[in-house]
Every structure is written in C-alpha cells, then in structure tokens.
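Please open the model in your viewer with the side chains shown, and follow the stops below in order.

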Amino acid sequence: MSGFVLTSEQELLREGLVKFLDNRYDLATSRAAVKTGAGWQPEIWRALAEDLGLLGATLPESAGGTGGGPIELMIIAEALGGALVVEPYVDTAVLGTGLLRRTGGPRAQEVLARIVAGTALTAFAATETGPDVVATTALRDNNGDGWVLEGAKSVVTTAPLATHLLVTARTAGSPTDQHGISLFLLDFDAATPPPGMTVHRLRTIDDRVAADLVLDGVRLPGDALLGVEGEAGHVVEAAVHEATAAVCAEAVGCMGKVLADTVDYTRQRTQFGQPISRFQVLQHRMVDMYLEVEQAAAATYLAMFSLEAPEAERARAVSAAKVTIARAARFVGQNAVQLHGGMGMTEELAVGHYFKRLTAIEYEFGTASSHLARYAALTDPRAGAGTT
C-alpha cells in the first residue's frame with residue numbers, strides 16, 4: 001500500500017496481519033480445505049477473531065468493534081487478497097455486519113456480537129434473475145405474527161458455512177421497484193435447512209463455497225424482519241458499496257502478489273542463455289502491469305474514502321473503482337498467466353489460483369458494464385437515459 005502515510009496503529013495492523021498470514025496461511029492447505037474438506041479453515045477464522053481482533057476492527061464501538069474505518073478495511077482486505085484467503089471475511093465481517101449494524105435491533109446486535117467473537121458466519125441471499133431484481137416475496141402469515149418467504153436466490157456465497165442468512169424479499173411493489181424491499185434474518189444450517197427451503201451446494205470457479213436456494217413457503221417469526229418493513233433498499237445499497245470497495249482492495253492485494261511472482265519468475269526462467277526478464281518487450285509488459293495495479297489502487301483508495309460521503313458521490317466512486325479493477329484484473333491476470341507459459345494455469349502454481357479469483361472479482365457485485373452505466377447516469381443524468 002502506497003500513496004499516503006498510515007498511523008502507527010494502522011501500520012501495526014498491517015504488519016501484524018501480513019506476518020500472521022505469512023506464518024499461518026498456506027495456499028496448498030487452503031485449496032485442500034476447499035476441494036476435499038469443509039470449504040474453509042475454522043481455526044484460521046478463530047485466530048482472526050481471537051488473536052488479531054480482525055472481525056470487529058472496522059465496526060464502531062457501539063456495535064462491539066474497535067472503531068476502525070475505511071482505511072482499516074482497506075488494509076485488511078488488501079492483505080487478505082495478497083494471501084488469497086478464502087475464509088468469508090467480506091461476506092461476514094463487511095457485508096453481514098454492514099447490514100446488521102444499519103438495521104439494528106436485539107437480534108441484529110446478538111449476531112453482531114457473535115461475528116466479532118468468531119462464532120457466527122453470515123451469507124447474503126440477494127442475487128436473483130438479474131441486476132436490481134427482487135422477485136422473492138415475504139407475506140404475512142395467516143395469524144399476522146410471522147412471515148412466509150417464496151422465491152429463489154442464486155449463487156449465495158458462504159451459504160454452506162453460514163450460521164445465519166440475510167435475505168432480501170419484497171413486501172410491496174414490483175420485482176424491479178427499488179422500494180418495498182425488506183431484509184430478513186434467518187438462523188441457518190445448510191445440512192438441515194428450515195422447512196420449505198432447498199439448498200443446492202456448489203463451488204465457484206475461484207474455490208469459494210456457495211449455494212442456490214429455493215424458498216417454498218419458508219416460515220419465519222415476526223422478529224426475523226430487520227429494520228423497517230419495505231425500507232431496506234438504502235441499507236442494502238450502503239452495505240453493498242462497502243463490500244464492493246473491500247473486494248476492490250482484495251483485488252489490489254491479489255494483483256500485487258501476481259505481479260511480484262511474475263517478476264520473480266521472469267528473473268529465474270532463462271532463454272537464449274539469459275533470464276527472460278532482460279527482454280525489453282517483457283519489461284514493457286510488466287511495466288504496463290505495474291501501472292494497472294497502481295491505477296486500480298488509486299481508484300480503490302478513492303472509493304474507500306468516499307464510503308461516508310453522500311449517496312451519489314459514494315456510488316460514483318465505488319462504480320469507478322469497480323470498472324478500473326475489472327480492467328486491471330483482466331490485464332494483470334491474463335499477462336501473468338501468459339508470461340508463466342502453460343504452467344500459469346496449473347493447480348501447482350499459485351498464479352493460476354490468483355487468476356481465477358481475479359476473474360471472479362471482475363463480476364462480483366456487478367459487472368464493469370453495469371457500473372459504467374451507473375457512473376454515466378450519476379455523472380450526467382442524460383447519459384443514463386434508458387439504463388437500469
């Protein structure tokens with residue numbers, strides 16, 4: 001991380017986390033946990049909570065955290081990206097906590113405390129048939145005290161591990177109406193889902209665990225509703241902006257590692273009796289990769305510093321970062337694989353795993369085209385005519 005000076009406390013956070021990951025987080029072990037094990041390393045998650053206090057580092061003290069902010073979030077996400085950590089930090093400690101602290105209430109406070117302690121994992125069930133579509137419905141049950149969910153959610157990352165689901169559902173309006181959306185909290189165990197819910201497990205291209213969910217008459221108690229009925233849209237948007245910025249910072253960490261590994265590899269591989277790092281055309285390629293990483297980092301910093309800005313300014317900065325990250329991730333990832341040759345896509349070499357994660361990040365929380373359209377609409381309303 002460069003471009004500004006960290007405080008001594010922030011520098012200690014960065015150094016402590018990087019040292020922990022260097023000593024405790026092994027890429028081969030984490031991939032084995034995903035492919036043949038539980039999909040994560042619970043002991044690593046406990047250490048992040050208990051040894052480092054990481055899961056509450058960006059929460060205000062009123063929510064049980066230590067009062068950190070966007071800079072702390074950037075430090076953490078970038079370091080986790082550099083180590084290619086698959087444990088669900090963004091899903092739980094950014095998106096989950098962001099939704100819970102904004103809605104409030106006794107149940108939300110209880111789950112927040114458990115997240116900080118490392119004993120709860122949340123998954124956000126929001127994705128459906130298209131962007132900004134919420135067709136899942138929540139209706140009052142017959143006695144008016146609870147809710148009944150009907151619908152389906154796609155690619156809910158972390159769901160197979162989660163102790164709680166955060167589900168968006170429509171209590172009023174049409175599927176594309178951004179008003180009338182409510183947020184519900186469900187106690188959850190993928191092995192024994194609640195009656196009416198079907199869980200189809202899957203593994204994503206970047207070695208994350210996820211699930212498709214079918215909701216067919218899932219009954220919830222009255223206190224499952226978080227916040228005010230029908231007014232969760234702005235809460236969800238703000239929390240997703242934080243998560244998007246965190247994923248951008250993760251991508252910066254991934255790209256920094258990929259670039260460093262690529263430079264090292266070109267110094268070791270020889271052709272025509274000399275390291276290929278001496279070939280001018282490859283030097284130019286790696287300089288271009290470096291510039292893409294720096295531009296992506298700058299856009300991410302702006303997004304992070306804009307998280308507490310007014311809604312339109314925040315949305316512009318986040319969309320600009322996402323577009324920049326998408327372009328950089330593709331350029332850096334593809335060139336790293338090419339410079340490594342056929343080995344770049346093997347399971348044995350780290351760069352292949354980083355490339356898969358960067359490819360997934362390109363589409364996570366919205367595609368580059370959707371963010372570009374939103375940025376255009378927010379910058380000049382005439383440019384957004386007809387966009388969704």
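Begin by selecting L21, Y89, L99, L100 and M255, the residues with the most contacts inside the largest nonpolar core, which has 90 residues; such a core is a set of buried Ala, Val, Leu, Ile, Met, Phe, Trp, Tyr and Cys residues joined through side-chain atoms within 4.5 Å, where buried means under 20% relative accessible area with a 1.4 Å probe, protein chains only. Next select helix α7, residues 233-268, which supplies the largest share of this core, 15 residues. This is a predicted model, in which local features need pLDDT of at least 70 and side-chain atom pairs count only at pLDDT 80 or more, while totals for chains, interfaces and linings use all residues. Residues are numbered from 1 along each chain as its sequence is written, and side-chain values use heavy atoms, with hydrogens and water left out.

Return to Y89 and display its surroundings: leaving aside neighbours within four places in sequence, Y89 is in contact (heavy atoms within 4.5 Å) with W45, L54, L55, T58, L73, I76, L80 and V94. Then move to a second, separate core of 24 residues, where F184, F188, L213 and L215 are among the members to select.

Now colour the whole chain by secondary structure, which shows 11 helices and 10 strands, taken as DSSP runs (helices H or I, at least four residues; strands E, at least two) and numbered from the N terminus. Finally, colour by burial: buried residues make up 52% of the 388 residues in the chain.

Key: Buried means under 20% relative accessible area, exposed over 50%, partly exposed in between (1.4 Å probe, protein chains only).
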